[in-house]
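Below is a briefing on one protein model.

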Amino acid sequence: MAVTGFGRRLKNLFTTEKISDHFFEDLEDMLIESDLGAKTSLELVEKLRKEIKRNTIVNEKEFIKTVRDYLSEYLIVDDFKPDENKLNIIMILGVNGVGKTTTIAKLASYYKKEFNMTSVLSAGDTFRAAAIDQLIYHGDKLNMRVVHQQQGSDPGSVIFDSIDSAFSRGEKIIIADTAGRMHNRDNLVKELKKINKIISNKVSDGIYKKFLVIDATTGQNGIRQAESFNEAVGLDGIIMAKYDSASKGGIIIPICRDLKIPVLFLGTGEGYDDFIKFDRENFLNYLLGIE
Ligand SMILES: Nc1nc2c(ncn2[C@@H]2O[C@H](COP(=O)(O)OP(=O)(O)O)[C@@H](O)[C@H]2O)c(=O)[nH]1
Ligand SMILES: [Mg+2]
């Protein structure tokens, strides 16, 4: 993704190009290349066009700052804190390979460190044996209980068991893994809707959250993934994994803007501690190369 030096290129554009239609076209291209998506980029260009017409932007520093302020308005940031007195069930969604299972381990580790709360890990991705083993491995490392059945079993049943056993043991957080791929998309949606219904019925007085994991490097696909999962079950938050890769994660901005879903965390590596609460200022400064 051609995002490296996004801020520098914006600055260059402002200092070297005359303000003209051409300037705004180039600006739009740069925004789109940074994963902001066509709609957000166009809207941003219009806002900047007005601002520039009013002569409120005098130099490249102010130009970047104005871009940052507008982008900031799009971002919705949240930090879900589990309720110690209720059962919190968090369903982790996302397509294959984005980082779901790793994110579950990081989230469980984060809740332990931050709130001293232990999670139950629920192996709802029953599609592949490796996914179950991977969660058991993390459970061992983190010293947390993993509820699982064998490969090919009904994920709804795994989640059902997880909730029952957590209730009877007084455990307060369940983080559930889900499969990112069925043999076709309709099947996946059907499956997720079923699980969603089971959880909603079973934890009516608990807290139920659905977080989508997206991969920072997937670009525009991230928006489509968020749209599909949001349509299927409704999302409460986004976690963006692989933020340590070359991508600066611009994709999160149109997701917040279009779907009004908050962003919660960033995954920054493969270790449990490579996980940070989303910080609006830091994120935008990094995206725009502001020191
Ligand atoms: N660099 C980096 N790698 C990650 C991150 N999160 C997950 N991964 C890696 O991405 C791969 C897929 O992760 P996994 O959790 O199995 O994805 P899942 O298929 O969605 O469950 C694994 O090799 C992970 O170690 C991250 O934040 N940064
Ligand atoms: Mg997995």
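Axes are lines fitted to C-alpha atoms, for helices over the stretch in contact, and angles run from 0 to 180 degrees between N-to-C directions. This is a predicted model, in which local features need pLDDT of at least 70, side-chain atom pairs count only at pLDDT 80 or more, and totals for chains, interfaces and linings use all residues. Residues are numbered from 1 along each chain as its sequence is written, and chains are lettered from A and ligands numbered from 1 in the order in which they are written.

**Helix pair**
- The axes of helix H9 (residues 221-233) and helix H10 (residues 252-259) come within 9 Å and cross at roughly 35°.
- Contact (C-beta atoms, placed from the backbone, within 7 Å) involves Gly222, Ile223, Ala226, Glu227 and Asn230 of H9, with Pro254, Ile255, Asp258 and Leu259 on the H10 side.

**Overall form**
- The protein has 11 helices and 8 strands, which are DSSP runs (helices H or I, at least four residues; strands E, at least two) numbered from the N terminus.
- Along its principal axes, the C-alpha trace spans about 65 × 40 × 35 Å.
- Of the 291 residues, 42% count as buried, meaning that 20 or more other C-beta atoms lie within 10 Å of the residue's own.

**Domains**
- An automatic or database assignment divides the protein into domain 1 (6-74) and domain 2 (88-287).
- Their centres, taken over C-alpha atoms, are 34 Å apart.
- In the interface, 11 residues of domain 1 contact 14 residues of domain 2.
- Helix H4 (60-74) is one of the contributors on the domain 1 side, and H4 gives the largest share, 4 residues.

Technical notes. Buried ≥ 20, exposed ≤ 12 C-beta atoms within 10 Å, placed from the backbone. Contact = placed C-beta atoms within 7 Å.
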